[in-house]
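Morning, everyone. I have one structure to show you today. Let me put it on the screen.

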Amino acid sequence: MEGEMGKVLKRMLATMLSLTFVVSAIGCSNSTTAKNEKGRYVEERYELPSNTYIQSMVKLDDGKIAIIAYNEEGKLTSFISEDGGKTLTESTIELPKEEGKETAVMSSTYLSDGRIILSYYFMEPFNEDSVTLDGTITEGEVAEGDSETTDDNIKEEWVYEEPEYKYAIIENGGTITDIDLGNNTENEHEMMYGGPQQLASAANGDIFYSNGMGEVITQIDGETFEEKNIFSSDDYINSFLLVGDSLIICGFDSIIEFDINTGKEIGNLEELEKETIKSQTSYYPSFINSGSKDKLYYYNVNGLFAYDMESKKVSQLIDGALSSFGMTDMYLMAFIEKENDEFLAAFNDWTNNEVTLINYKYDAEIASVPDQQIRVYSLLENDAIRQAISAYAKAHPDIYIKYEIGLSWDNGVTESDALKTLNTEIMAGNGPDIILLDGLEAESYIEKGLLEDLSDVISPMVDNDEIFKNIADAYTVDEKIYQFPTSFRFPMLVGNKDTINSVTDFKSLVELTKKLASESDNRVFSDYYSPKGLLYALYYLYGNNWLNSDKTINVDEISNFFTLTKEMYDAIDANYQKYIESMNDKYQMDTNKDSNFSVDSEEGIADKNEVDENYEDVSNVYELQYYLSPSIYADSFLMDEPVSLMYGSLDGTYGYSSLITALLNDTKLDYKVLSRGDEKIFIPSNVIGINAKSENKDAAKEILKEMLSEKSKDNMMYSQGLTVNKKSLKNQFELEKSEYYEPEFDETTNHYTQGSMIFIDENGKEKEIKQLWPNEEDVNKLIGEIESLQVAPVMNRVLLVEVAKQFNEFATGNITLDDAMNTIVDNLDLYLSE
């Protein structure tokens, strides 16, 4: 079971990495494409009516391209193209009707013969004034079935009822015929989650669909609509594809081919599985229904790939670094194979809030890779740097940006080897142009003169009040800036205002933890910390003095840190066990089950016994990335399972909204910004440096400007840190309003709301908490807190990982304090002397 947990964690990480495109992920090396090589796919954008949202796109038997989309008015419409997508003829789709009802379409697609199949249901006309955000019927509106307004229906609970899903075929002439698509199967789950999903048409005219449970694929006759075959897999079905006479079922661990004429399984596509979903693969693929007769297409972070069904070989067709496939703000919605090896793709362009239709055609005369190349390096994949690279690449198609990643789940490289390779290249003058310094020893690079001065980029932005001046001051050395973060957090403690005021240093935090743990059955903290997780969380504030000025181990300071941290851990652990016992008594839980899984437990960090050395290195780096400064979401105080304290950091605008919601709903709560002695610290992330020996400094600085710009950070609101761009930070708190949407204003608190949190209390009653959005006064207070921050602590990852490893042994009683200190000194002596 533990081995399976490790596999699941790796797969989850791989899946997350596939959701956002990296420009080009390769090992750190100097290999480049020969300049004389020619030929690549080029993009041509076709015009599409504004505010169009594409639902499906297919190539018809007569060669025309047919698109179903919602138009600007929100009506379902069709677009037909006779020239490969260059020009489109639009016509409204007449939908099934029922008097007094509106028609809601769940899914729809063209069949290859030009007919349309759709799933839909009828609903009551929506009246935006009749239902409040908390789901109740307001005064003056009558609930369905009532003849008049009474006191009983002024706050009547609105109850959701599953609609009756229907299915229809729209003939070429517009005739609508209802079909019993959903009633053809005996599978009891078939009608859940909106009935049949992912409607698709095969080359023989049959219709295929999946159920919402990821269990089966059903094949029905395209003329009689009678069921022909049901296909299943031992694996969860993520998606299915139709290629010629084959059905391909794609799961987490398998890709299986079936014959649609016989209904029989042909077998696994083993070569494709090796290339895409097996355990050593970092990038989880997204498979595409393209209408091809002999090729299966998929894309991942590196671009577009084709699997030939006959030769069973995979080839890369389009490089993500040179196309919209590599743009983090472009989401593929539909894709079809055209004649002459051309493709038509529909992307949702998040930046410009529009759908873009792009044709791909191979040009044999153009250079396969532009002559000018910029190399960007990070130890781990990083979304912020991908975002900036994508934006720059879009504006500069004549520049090839190569994104190099030091550590991944499948490259077999240890952290030590990755850093040695990087350092060797930098010293030799062959290193990357841009370096993400998170986790690297930036001070060593600065001392050796290997990083470029960035003050010509940063200073003008400070002068224009774009970037927080205090953040820039923290990185200024002799009037020069050699590294700079794009985002940051700052540490805080949230709890009862009288309680948290007692915390002035590490010892007082430990004493408060012990006091609360002994006085209450409530959890002290919202998360249960493992020994390592707790140490990581405390490091930036209280682990800054582990080294002497001569770079030797300060044994006394680490010993004192271990003693205090163990006292804190023991109190938290005892408190947590008492909490589990009380929950067991309350809900008759099974105490033999593992209830110790959380984001900070050992299982949550990694199953290290199941991974080899380079996997352990990657796991260690991810631990530090995600657990060094745990995020605080203070509205958890308002839930039914109370806690005494929250310790961690404010990580973004939604974290601050959560804090404001908690403070306004419970006036006993408050927060305290924690300091390190007299220093108010901030925790930097996405720290950028530019190679002083780079031949592309100007272009590298333009990318840095993009990363620091107001535009690039406007959408980074979830757990990625507060932006250093002051204007962007203010923009993130601006609520979107339009003629279609006006957020609710809560006059009691003088705040707009952003929906509600609903939970069931211990008595089984539903409770609602309105999520309040920070107002101007709140934002100004936050900016004031930010402008008081002074110091960016420096992390020594090698030291931290070793100290954390030994503390885990000490805290769990496996070694003594003296043994832990001796081991740390012995293991780090050589490293610290270099």
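I will take a helix pair, then a sheet. Keep in mind that this is a predicted model.

Start with the helices. H18 covers residues 797–811, and H19 covers residues 817–833. Their axes come within 9 Å. The crossing angle is roughly 160°. Anything over 145 degrees counts as roughly antiparallel. H18 and H19 are therefore roughly antiparallel to each other. The crossing of H18 and H19 is right-handed.

Which residues of H18 and H19 make the contact? On H18, they are Val-798, Leu-799, Glu-802, Val-803, Gln-806 and Phe-810. On H19, they are Leu-817, Ala-820, Thr-823, Ile-824, Asn-827, Leu-828 and Tyr-831. How does that contact divide into nonpolar, polar and charged residues? Nine are nonpolar, three are polar and one is charged.

Let me zoom in on one strand pair. E10 pairs with E11, residues 207–210, in the antiparallel sense. How many bridges link E10 and E11? There are three. Look at Ser-201: its bridge partner in E11 is Ile-207.

That is the tour. Questions, please.

Conventions. Residues numbered from 1 in each chain as written. Predicted model: local features only at pLDDT ≥ 70, side-chain atom pairs only at ≥ 80, totals over all residues. Heavy atoms only, no water. Axes fitted to C-alpha atoms, helices over the stretch in contact; angles between N-to-C directions. Helix = DSSP H or I, 4+ residues; strand = E, 2+ residues; numbered from the N terminus. Parallel < 35°, antiparallel > 145°, perpendicular 65-115°, else oblique. Left-handed = near helix turned anticlockwise from the far one by under 90°. Contact = heavy atoms within 4.5 Å. Nonpolar A, V, L, I, M, F, W, Y, C, P; charged D, E, K, R; others polar. Pairing = 2+ DSSP bridges.
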